[in-house]
Amino acid sequence: MRVDIITLFPSMFQGPFDESIIKRARKKGILEINLHNLREFAYNKHRTVDDLPFGGGVGMVMKPEPLFEAVGKIKTQTDAPSRVILLSPQGIPFCQEKAKELAKKGALLLICGHYEGVDERVREHLVDEEISLGDYVLTGGELAAMVIVDVVARMLPGVLGCEDSAKEDSFYHGLLDYPQWTRPADFCGWQVPEVLLSGNHYQIKLWRRKKMLEVTLRKRPDLLKKIKPSQADKQLLREVKKRLADANKVTKS
Ligand code: 9D3
């Protein structure tokens, strides 16, 4: 996959894209990231990329010309038509499902906004879709772009060590992960659950599934409402709910 990123601050990306899994994906040639400094596409004397908003008001607005120039230039560099994405607070909130959709594209072109916003004509005539990270205010779209590249990259075939690791993710099941332990089995007197040391793989699988349901029920009941539990899951959920209700009775009395 080819990812082009238009930003006023290309050096912000150096850390996250030069470590760990993303670094390896780039080395393997599975992921190609090209950073473009928006200022290089501002052809006026002072290389201005922003200006005052028409109608007045606080803050600056990103000018359209440098953005159209940058996207135009990048589109000539690649045969694969890039999906042009604007990162902005007005976008659709990013999620695993959206990442899955983006991971199927050959090329992405991410535009990082900065200042108070971008000229509306960019949205209307240059951008295919607008994505937000969530309902909080960032200083710009750069961190959002990094998050999107990170999430999408680990879905690309060959990026994770084991092909299936991405499919095993909690959000693929729609449930949160089960708790995990490693050695030592006894740490400061705190014991690892007996079943995990038993070697009984059927019991371990069942226990983990039950824990996933329990953790999700306790911490993110909204996620449980979205999944379609199997008959086995329904039985496990009944057990979990009964135990939680019983525990509640004990604390109350
Ligand atoms: C919502 C705040 N706006 C009120 C006038 C001004 C504003 C502040 C900061 C507009 C844009 C920004 C910069 N943020 C992004 O570019 C951004 C973002 C975000 O702030 N939250 C969640 N996702 C994203 S993606 C890009």
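**A ligand and its shell**

Visitor: How many residues surround the ligand?
Guide: Happy to start there, and do keep in mind that this is a predicted model. The closest residues are E116, L133, G134, Y136 and L138.

Visitor: Which residue has a polar backbone atom 2.9 Å from a nitrogen atom of the ligand?
Guide: Let's go through the polar contacts, which need N or O atoms within 3.5 Å. G141 uses a polar backbone atom, 3.3 Å from an oxygen atom of the ligand. The backbone atom 2.9 Å from a ligand nitrogen belongs to L133.

Visitor: Which element gives the largest share of the shell around the ligand?
Guide: Two elements give two or more residues to this shell, β5 (83-93) and β8 (129-132). The largest share is three residues, and that comes from β5.

Visitor: How many residues of the shell are charged?
Guide: Nice one to sort by class. The shell holds nine nonpolar residues and seven polar ones. The charged residues in the shell number one.

Visitor: Is the chain a compact globule or more spread out?
Guide: Its secondary structure comes to eleven helices and ten strands. For 253 residues the globule rule gives 18 Å, and the radius of gyration, 24 Å, is well over that, so the chain is more spread out than a compact globule. Along the principal axes, its C-alpha atoms fill a box of roughly 70 × 45 × 40 Å. The answer, then, is more spread out.

Definitions and conventions: Residues are numbered from 1 along each chain as its sequence is written. This is a predicted model: local features need pLDDT of at least 70, side-chain atom pairs count only at pLDDT 80 or more; totals for chains, interfaces and linings use all residues. Side-chain values use heavy atoms; hydrogens and water are left out. A residue is near a molecule or strand if one of its heavy atoms lies within 4 Å of it. A polar contact is a pair of N or O atoms within 3.5 Å; within protein, one must be able to donate a hydrogen and the other to accept it, and residues adjacent in sequence count only if both atoms are side-chain atoms. Helices (H or I, at least four residues) and strands (E, at least two) are DSSP runs, numbered from the N terminus. Ala, Val, Leu, Ile, Met, Phe, Trp, Tyr, Cys and Pro count as nonpolar, Asp, Glu, Lys and Arg as charged, and the others, Gly among them, as polar. The radius of gyration is taken over C-alpha atoms; the globule rule is 2.2 Å times the number of residues to the power 0.38.
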